[in-house]
Amino acid sequence: MEYTDILYEVSDHVATLTLNRPDQLNAFTNAMVHEMKDAFNRVDADDDVRAVIVTGAGRGFCAGADLSSGAETFAHGGSDVQTPARVPRDGGGLVSLRIFDCLKPVIAAINGPAVGVGITMTLPMDFRLASTSARIGFVFTRRGIVPEACSSWFLPRLVGISQALEWCYTGRVFGADEALEGGLVRSIHEPDELLPAAQALAAEIVDNTAPVSVALTRRMLWGMLTADHPMEAHRVDSRGILERGRSADVREGVESFLEKRPAVFTDRVSDGLPDIFPDPVIRKFS
């Protein structure tokens, strides 16, 4: 697919996805929905990619939905994809679900304004780093609509129900300091230090970990958010330890530790993950 609204670049085993409509503060479009889904498909298929950074071109991360069509912007639903009941699927939700299913760690580098879908699309990402110039808002009630991009599932789990309700009820825009205090972002950085900080976090993962173990860990921790009892986690953990314990990666991990040298892990995510999730504990949500 040829991209018009995003940029895709791979360097040092890290894919950087840049929302690329800087003159519109990277306002979210239907083309962006399809391009982001395609980009994450590329990420999962490429064993050279070990982590993902998502950021914005210019001075904004994403100013929310493109409102250039005026009052009718939301009248026909969120995308050109429909459910079997012919209800248009929310475009932000399609992107969030694809990110949720990603097999690689995903880092948001929020370099400026991130409102509406501009912030909700980051919720299924694993880490959010913010610039001091970031301005964040769950502004839906101020536009007469409701939260989208699966944020009613993600946001309370990330920051707690009371904080999620305050931000969504009021729809107010707030700064990076409040986002950090509320648990929404991991850290705050000066604008020219934001992307290097995200790259350093990605490198810590790339340089030291086994790709298959990271992919399984991502799926386990997110999936267990809906488990009813720790026994469900125990069942998954036990299967995971058994499956990975037989792998070449584990032998390499132990031997490299004993020999005091960097590990070279050879198992590939593209070869498929071991099935350690008994139904109905975890299922694919794409």
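Colleague: In this predicted model, which residues does Phe138 touch, leaving out residues up to four places away in sequence?

Modeller: Contacts are read from heavy atoms within 4.5 Å. For Phe138 the list holds Ile119, Thr120, Leu123, Leu155, Trp167, Cys168, Gly171, Arg172, Phe174 and Leu184.

Colleague: Which members of the largest nonpolar core touch the most other members?

Modeller: That core has 49 residues, and the ones with the most contacts to other members are Phe40, Ile136, Phe138 and Leu184. Helix H1 is the top contributor to this core, giving 6 residues. Another core, of 12 residues, lies apart from it; Ala51, Ile53, Ala109 and Leu201 are among its members.

Colleague: How should I read the packing of H1 and H2, and at what angle do their axes cross?

Modeller: Angles under 35 degrees count as roughly parallel. The axes of H1 (residues 30–45) and H2 (residues 91–100) cross at roughly 5° and come within 9 Å, so H1 is roughly parallel to H2.

Colleague: Which residues meet there?

Modeller: From H1 they are Val33, Met36, Lys37, Phe40, Asn41 and Asp44; from H2, Gly91, Leu94, Val95, Arg98 and Ile99. By type, the contact has 6 nonpolar, 2 polar and 3 charged residues.

Colleague: Turning to the sheet, what is the order of its strands?

Modeller: The order is E1-E2-E3-E4-E6-E9, an open sheet of 6 strands with mixed pairing. On average, neighbouring strands are turned by 20° against each other, with direction ignored.

Colleague: In what sense do E2 and E3 pair, and over how many bridges?

Modeller: E2 (residues 14–19) and E3 (residues 51–56) pair in the parallel sense, over 6 bridges. Within E3, Val52 is the residue opposite Ala15.

Colleague: Which strands does helix H7 lie across?

Modeller: H7 (residues 191–208) lies across E2, E3, E4 (106–110), E6 (127–131) and E9. Its direction is at about 160° to E6.

Colleague: Last, Arg244: is this residue buried or exposed?

Modeller: Buried means under 20% relative accessible area. Arg244 has 12% relative accessibility and therefore counts as buried. The residue is in helix H9 (residues 230–245). Setting aside neighbours within four places in sequence, Arg244 contacts Ala210, Val212, Ser213, Leu216, Asp249, Val250 and Asp267.

Colleague: How far apart are the C-alpha atoms of Arg244 and Gln199?

Modeller: They are separated by 28 Å, with the two residues 45 residues apart along the chain.

Note on methods. Residues are numbered from 1 along each chain as its sequence is written. This is a predicted model: local features need pLDDT of at least 70, side-chain atom pairs count only at pLDDT 80 or more; totals for chains, interfaces and linings use all residues. Side-chain values use heavy atoms; hydrogens and water are left out. Axes are lines fitted to C-alpha atoms, for helices over the stretch in contact, and angles run from 0 to 180 degrees between N-to-C directions. Helices (H or I, at least four residues) and strands (E, at least two) are DSSP runs, numbered from the N terminus. Angles under 35 degrees count as roughly parallel, over 145 as roughly antiparallel, 65 to 115 as roughly perpendicular and the rest as oblique. Ala, Val, Leu, Ile, Met, Phe, Trp, Tyr, Cys and Pro count as nonpolar, Asp, Glu, Lys and Arg as charged, and the others, Gly among them, as polar. A nonpolar core is a set of buried Ala, Val, Leu, Ile, Met, Phe, Trp, Tyr and Cys residues joined through side-chain atoms within 4.5 Å. Buried means under 20% relative accessible area, exposed over 50%, partly exposed in between (1.4 Å probe, protein chains only). Two strands pair if DSSP finds at least two bridges between them.
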